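Dear colleague,

Please find the structure handed over below.

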Amino acid sequence: MSKCTQRLLLSLCALFSLPLLAQPLVDLVVVNKSRSQLLLMSQGKVLQQYAIAMGDMPMGHKQQEGDQRTPEGRYILDYKKADSAYYRAIHISYPNDEDRLRAKALGINPGGQIMIHGQNPHSELTPEEAQQYNWTNGCIAVTNREMDQIWRLVQPGTPIEIWP
């Protein structure tokens, strides 16, 4: 490979990596359930916005396993799961101590394994069609392409606020 070709390749690599390096750090994820919307935030500014699908019963705070609700409140995105049944997933730290205490007082199981994840690989719908329906068991779903973006921009330890 000639020196000119090498320089051109290095210049192209540097050019295409600049937007990735310049991307602000996501310091908060906000889910607005009533708007079916997920926002990636940095220093109070919206970086990205996504339409989401939730559980069949999205309104109200998750109370127990199987209620098809998405929790409400402040949690942490505590780990990533590359081998999710729904493409990729980022785990939400539900239930927190308050959720556990409430469930214990009511004698119920609060449930768990609530995640932001990609599409159902067995769906007959296109990703865009699937996003028109609430089809999860209380998780927050985006398209696989959107999940790839979120995966790159959100690190474990990032807080998430889930609003009614």
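Predicted model: local features only at pLDDT ≥ 70, side-chain atom pairs only at ≥ 80, totals over all residues.

Residues are numbered from 1 along each chain as its sequence is written, and side-chain values use heavy atoms, with hydrogens and water left out.

Aromatic pairs

A pair of aromatic rings is described by the distance of the centres and the angle of the planes. The structure holds 2 aromatic pairs (rings of Phe, Tyr and Trp, the last by its six-membered ring, with centres within 6.5 Å; planes under 30 degrees apart count as stacked, over 60 as edge-to-face and the rest as tilted). Tyr75 and Tyr94 form an edge-to-face pair, at 6.0 Å centre to centre and with 70° between the planes. This pair links distant parts of the chain, 19 residues apart: Tyr75 belongs to strand E4 (residues 73-84), and Tyr94 to the loop between strand E5 (87-92) and helix H2 (97-106). Helices (H or I, at least four residues) and strands (E, at least two) are DSSP runs, numbered from the N terminus. Both Tyr75 and Tyr94 are buried, where buried means under 20% relative accessible area, exposed over 50% and partly exposed in between (1.4 Å probe, protein chains only).

The pair of Tyr86 and Trp135 is tilted, because the ring centres are 5.8 Å apart and the planes stand at 50°. Tyr86 lies in the loop between E4 and E5 and Trp135 in the loop between helix H3 (127-130) and strand E7 (140-141), so this pair ties together parts that are 49 residues apart in sequence. Tyr86 is partly exposed at 29% relative accessibility, and Trp135 is partly exposed at 23%.

Charge over a ring

Lys80 lies over the face of Trp151, 5.0 Å from the ring centre. The rule requires NZ of Lys or CZ of Arg to be within 6 Å of the ring centre and within 35 degrees of the ring normal.

Salt bridges

Side chains of opposite charge can pair when their charged atoms come close. The count comes to 8 salt bridges, each being a side-chain nitrogen of Lys or Arg within 4 Å of a carboxyl oxygen of Asp or Glu. Among them is the bridge between Asp67 and Lys62, with 2.9 Å from N to O. Asp67 is buried, with a relative accessible area of 15%, and Lys62 is buried at 2%.

Another joins Glu161 and Arg74 at 2.5 Å, N to O. Here Glu161 in strand E8 (residues 158-163) and Arg74 in strand E4 are 87 residues apart, and the pair links distant parts of the chain. Arg74 counts as partly exposed, at 48% relative accessibility.

Arg102 and Asp99 meet in a salt bridge of 3.3 Å, N to O. These two are 3 residues apart in helix H2, which means that about one helical turn separates them. Arg102 is partly exposed at 25% relative accessibility, whereas Asp99 is buried at 3%. Glu98, Asp99 and Arg102 are linked in a network of salt bridges.

Largest pocket

The largest pocket has a volume of about 330 Å³. A pocket is found on a 1 Å grid over the protein atoms alone, as an open set of points where a 1.4 Å probe fits, with protein on both sides within 12 Å along at least five of seven lines; lining residues have an atom within 4 Å of a point. Grid points are joined across faces, edges and corners, and the volume is the space filled by probe spheres set on the points. The lining comprises 18 residues, of which Tyr86, Gly112, Gln113, Asn137 and Cys139 lie nearest the centre of the pocket. E4 and strand E6 (115-117) are the elements that give two or more residues to the lining.

Backbone features

The peptide bond from Tyr94 to Pro95 is cis, with omega near 0°, and Pro95 is found in the loop between E5 and H2. Gln43, a residue other than glycine, has a positive phi, near 50°. Gln43 sits in the loop between strand E2 (37-42) and strand E3 (45-51) and is exposed, with a relative accessible area of 73%. Tyr87 also has a positive phi, near 75°; Tyr87 lies in strand E5 and is partly exposed at 33% relative accessibility.

With kind regards
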